[in-house]
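Okay, hi everyone, I'll keep this short. Have a look at the structure on the screen, and then I'll walk you through it.

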Amino acid sequence: MSSIAIIAGKEFRDDFRNRWTIAVAILFAVLALGIAYFGGAAAGKVGFTSFDATLASLTTLAAFVVPLIGLLIAYDMVVGEQDNGTLLLVLSYPISRTELVAGKFLGHCAALATATLVGFGAAVVIIQIMQPEARSAGAWLNIGNFVLSASLLGASFVALASVISVTTGDKARAAGLALVTWLATVIIFDLALLAILVLSGGNAWEQSVFPRLLYLNPIDVFRLINLTMLGSGSGNELFMGMTATHVYQLWVLYLVMLLWVVVPFALAQFLFRRKEV
Amino acid sequence: MTHAIDMTSLGKRYKGVAALVGVSATVPMGKVIGLLGHNGAGKSTLIKLILGLIEPSSGRIEVLGQSPWGRQAVALRRRVGYLPESVAFYGNLTGAEVIVYLAKLKRAPRQQVGELLQRVGLDSARDRRVSTYSKGMRQRLGLAQALLASPELVVLDEPTAGLDPQATRELYEIVGELRSEGHSVLVSSHVLAELEPHIDSALILRQGELLAAGSVSELRRQSGLPGLVVVQVKDAADPAAFAQELHGLGLAHALRHDGRFDIQVAEGGKLDLLQRLAANPAIDDIVVEEASLARLYDHLGAGTKREGEQAA
């Protein structure tokens, strides 16, 4: 087994021991079922509703939860080892620094993807059994799209956490930076965009540039991927309203998402190679 | 024969500050070498250079005949074991899980896991979480992992820091076994007296420079440090008269708090002095103290300090 696989395996198991990832799996399962069952309550009926509506709500939820868990499980991957004295030890083993960071990154990503898949998968199976009408090729495509994009969203925040982890000197500072990153991407970024939108008053510049500003936040890219697949009228009117005039290509969105994984990961590798231990 | 460690004019600077300057020394195979120095003397920097964790700023270093720095050195690390100073390991894993993980990383045979845990006396605690281990148990776990894949060179950084005397003795017992099995061991410490009985020779660092190197007896000879004879005067005798007598013989001496006399004597004059003292009816007891590593260290250290002051 390669060193990367050995390290990834340890991180993967640790993530499930720490129960963060189990919590995500359960949260997804329970909320998916809850939204599917009670989602139509406002319209006066309970019972399993369409997958599309469930997915739209889950997209909103995942946009908050997945980045947070990605940051939480990965922020201490290097600085934590530095704190408990194992970083020098592990680096004295026959592995390269690149392998160490790559192994940890892959382990955390796999754990988060597994949690998403298992949690959401459990809900899908239950809904399928309870509501045979939900079975359709289109639904499966949307489900696959959701799981894939949520996993990539998780990976991008694990990559951002690895940058935090290799640049900070102690765990407390890394935890603080992780929290700031979460707040900035989840709340502040969208608020800032909204402010720009309101202040600019709908001129031509806004029409061409604004939709592309959303590429600067992996969470918005994740939302766009899912809402583009689901179409408008899926419960995210405000968000869709901001971008209604622009047609996004799915492959472009996935490309941007992939860049949000690869670029921070490469940056973490570059910084870790230069780090004095 | 290649040396375990071979250093020539080895130096390391951190952001312009010299941590290690012009160290030239060799560590022979199959010996236990003490690396001595106060905190900040450059011990940790030297150990990191040996392990290839940092790049030398100047000079050359070879470990087991290879440069430890760079991509090709990854394979070399399988042949070197390392116990970092006060390592906490992974608290959420059991002792056995920690060793299994590290054994995989080092490509060590699986059966070594049980053997090593038994050897360091952690067999009964192997399935307990490391977070419940005492400091001594963690150090023993650290020693077990340092021996994975039977490395030719074992580097122990302050292995006895924070250990009780019993745990310290057990640790040095294992170090002794390693030597008899043919491993080379480099052990750093600032507790000099404790290290002395267990090492073949010493490297002494001070402010990033190599102050002295050699076996303890060689270092004694080199330093010209006088031996020490401790004399207890009989209750009935007059200590002042004895002091006067010593003064008359031209012997440097000091009175201890417990009433005994410390008499400094050059290596060649020891027997002569002992004969004189034995014939003196005022004397109750005589103890000969060899120049210990601790005194040697103080002596050498003080020497450079004086030179430094003169230069300034």
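So, reading chain A along its sequence, you get α-α-α-α-α-α-α-α-α-α-α-α. That's twelve helices and zero strands. Before I go on, please keep in mind that this is a predicted model.

Staying with chain A: 44% of its 277 residues are buried. And if you take the contacts in chain A between residues at least 6 apart in sequence, 82% of them join residues at least 24 apart.

Let me pick out one element, helix 12 of chain A, residues 250-274. How far apart are its end C-alpha atoms? They are 37 Å apart, and that agrees with expectation, because 25 residues at 1.5 Å a residue should span 36 Å. Quite a few of you will want to know which residues in helix 12 of chain A are buried. Those are A:Leu253, A:Met257, A:Trp260, A:Val261, A:Pro264, A:Phe265, A:Ala268 and A:Gln269.

The largest nonpolar core has 153 residues, and the ones with the most contacts inside it come from both chains: A:Val158 and A:Ala161, plus B:Ile50, B:Ala144 and B:Val155. Apart from that one there's another core, of seven residues, including B:Val229, B:Val231, B:Phe261 and B:Leu273. As background, nonpolar side chains in soluble globular proteins tend to be buried together.

Let's zoom in on B:Ile50. Ignoring neighbours within four places in sequence, what does B:Ile50 contact? The list is B:Ile5, B:Ile61, B:Val63, B:Pro68 and B:Val155.

Now, where the chains meet: 20 residues of chain B are in contact with 19 residues of chain A. On the chain B side, helix 2, residues 95-105, gives the largest share, which is three residues. By type, that side of chain B has 14 nonpolar, two polar and four charged residues.

Last stop, some strands in chain B. Strand 10 (residues 227-233) and strand 12 (residues 261-265) of chain B run antiparallel and are joined by five bridges. Within strand 12, B:Val265 is the residue opposite B:Gly227. Strand 12 of chain B is also antiparallel to strand 11, residues 253-255, with three bridges between them. There, B:Leu255 sits opposite B:Phe261, and B:Phe261 is one of the residues in that seven-residue core.

What sits between strands 11 and 12 of chain B in their hairpin? Five residues, and in this hairpin B:Gly259 takes a positive phi near 90°.

That's it from me, thanks.

Terms used
Residues are numbered from 1 along each chain as its sequence is written. Chains are lettered from A and ligands numbered from 1 in the order in which they are written. This is a predicted model: local features need pLDDT of at least 70, side-chain atom pairs count only at pLDDT 80 or more; totals for chains, interfaces and linings use all residues. Helices (H or I, at least four residues) and strands (E, at least two) are DSSP runs, numbered from the N terminus. A residue is buried if 20 or more other C-beta atoms lie within 10 Å of its own, exposed if 12 or fewer, and partly exposed in between; C-beta atoms are placed from the backbone. Two residues are in contact if their C-beta atoms, placed from the backbone, lie within 7 Å. A nonpolar core is a set of buried Ala, Val, Leu, Ile, Met, Phe, Trp, Tyr and Cys residues joined through C-beta atoms within 7 Å. The expected span of a helix is 1.5 Å times one less than its number of residues. Ala, Val, Leu, Ile, Met, Phe, Trp, Tyr, Cys and Pro count as nonpolar, Asp, Glu, Lys and Arg as charged, and the others, Gly among them, as polar. Two strands pair if DSSP finds at least two bridges between them.
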